[in-house]
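Please read the numbered points alongside the sequence and the view shown here.

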Amino acid sequence: MRRRRRVEEEFLVLDIGDPNTGKTFHVKLPKDNIRFFVGRRLGEEISGDAFGLPGYTFKITGGTDKDGFPMHPSLQIPGKKKVLLSSPPGFHPRKKGERRAKTVRGAIISDAIKQINLRVVKVGEKTLEELLKKEEAEAEAS
């Protein structure tokens with residue numbers, strides 16, 4: 001039997017939620033941009049200048065690793081751990097009082113993180129739609 005080799009995707013995904021418009025923007029960045037985020041924690045505020053969104057400030061609200069395990073704010077480590085959960089993220093109880101042991105990723109961003117959820121805290125001069133459409137047009141041109 002032949003094993004299929006897993007293809008690693010070489011990009012970092014940012015899901016940027018804008019509470020003013022109610023829209024979410026899905027941005028793919030080269031995997032090298034993870035260096036800016038490594039060591040940062042859930043709830044921390046970051047500037048958008050580092051990844052092409054000048055004037056914007058974002059709050060890190062969540063994320064998942066390359067295997068799909070969600071980041072949990074109560075776990076203050078960069079690795080994974082099995083914890084007893086009674087509420088999201090990582091577990092949605094179907095019965096009142098239900099708890100279950102689930103594996104979750106810690107609240108500190110590491111190299112294993114694949115997707116980061118951000119929420120707009122401070123708005124820049126241009127709208128996100130204008131800035132992100134420019135990036136898409138540049139990416140298609142090259």
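1. In which strand is Pro30 found? The model is a predicted one, and in it Pro30 belongs to strand 2. Leaving aside residues up to four places away in sequence, Pro30 touches Glu10, Phe11 and Leu12.

2. The overall composition may be stated next. The chain has two helices and seven strands. Read from the N terminus, the order of elements is β-β-α-β-β-β-β-β-α. Along the principal axes, the C-alpha atoms fill a box of roughly 45 × 45 × 25 Å.

3. Five strands form an open sheet in the order 2-1-7-4-3, and the pairing is mixed. Strand 2 (23-30) and strand 3 (45-47) are the edge strands; each has a single partner strand, so one side of each is left without a neighbour in the sheet. On average, neighbouring strands of this sheet are turned by 35° against each other, direction ignored.

4. Strand 3 pairs with strand 4 (residues 57-65) in the antiparallel sense, and three bridges join the two. Within this pairing, Ile46 stands opposite Phe58 of strand 4.

5. The bond from Pro88 to Pro89 is cis, its omega being near 0°. Pro89 is located in the loop between strand 5 (80-85) and strand 6 (100-105).

6. Charged pairs form the next topic. Side chains of opposite charge can pair when their charged atoms come close.

7. Is Lys23 buried or partly exposed? With a relative accessible area of 40%, Lys23 is partly exposed. Glu129 likewise counts as partly exposed, at 32% relative accessibility.

8. A salt bridge also joins the side chains of Lys80 and Asp67, with an N to O distance of 3.7 Å. Because Lys80 lies in strand 5 and Asp67 in the loop between strand 4 and strand 5, the pair ties together parts that are 13 residues apart in sequence. Lys80 counts as partly exposed at 40% relative accessibility, and Asp67 as partly exposed at 38%.

9. Glu98 and Arg100 provide a further example: their side chains meet in a salt bridge at 2.8 Å, N to O. Arg100 has a relative accessibility of 41% and counts as partly exposed.

10. Finally, some totals for the chain. Of its 142 residues, 35% are buried. Among contacts with a separation of 6 or more, 58% come from residues 24 or more positions apart. The accessible surface of the chain comes to about 9,500 Å², and carbon and sulfur atoms account for 49% of that surface.

Note on methods: Residues are numbered from 1 along each chain as its sequence is written. This is a predicted model: local features need pLDDT of at least 70, side-chain atom pairs count only at pLDDT 80 or more; totals for chains, interfaces and linings use all residues. Side-chain values use heavy atoms; hydrogens and water are left out. Two strands pair if DSSP finds at least two bridges between them. Helices (H or I, at least four residues) and strands (E, at least two) are DSSP runs, numbered from the N terminus. Axes are lines fitted to C-alpha atoms, for helices over the stretch in contact, and angles run from 0 to 180 degrees between N-to-C directions. Contact means heavy atoms within 4.5 Å. Buried means under 20% relative accessible area, exposed over 50%, partly exposed in between (1.4 Å probe, protein chains only). A salt bridge is a side-chain nitrogen of Lys or Arg within 4 Å of a carboxyl oxygen of Asp or Glu. Accessible areas come from the Shrake-Rupley method with a 1.4 Å probe; for residues, only the protein chains shown count as cover.
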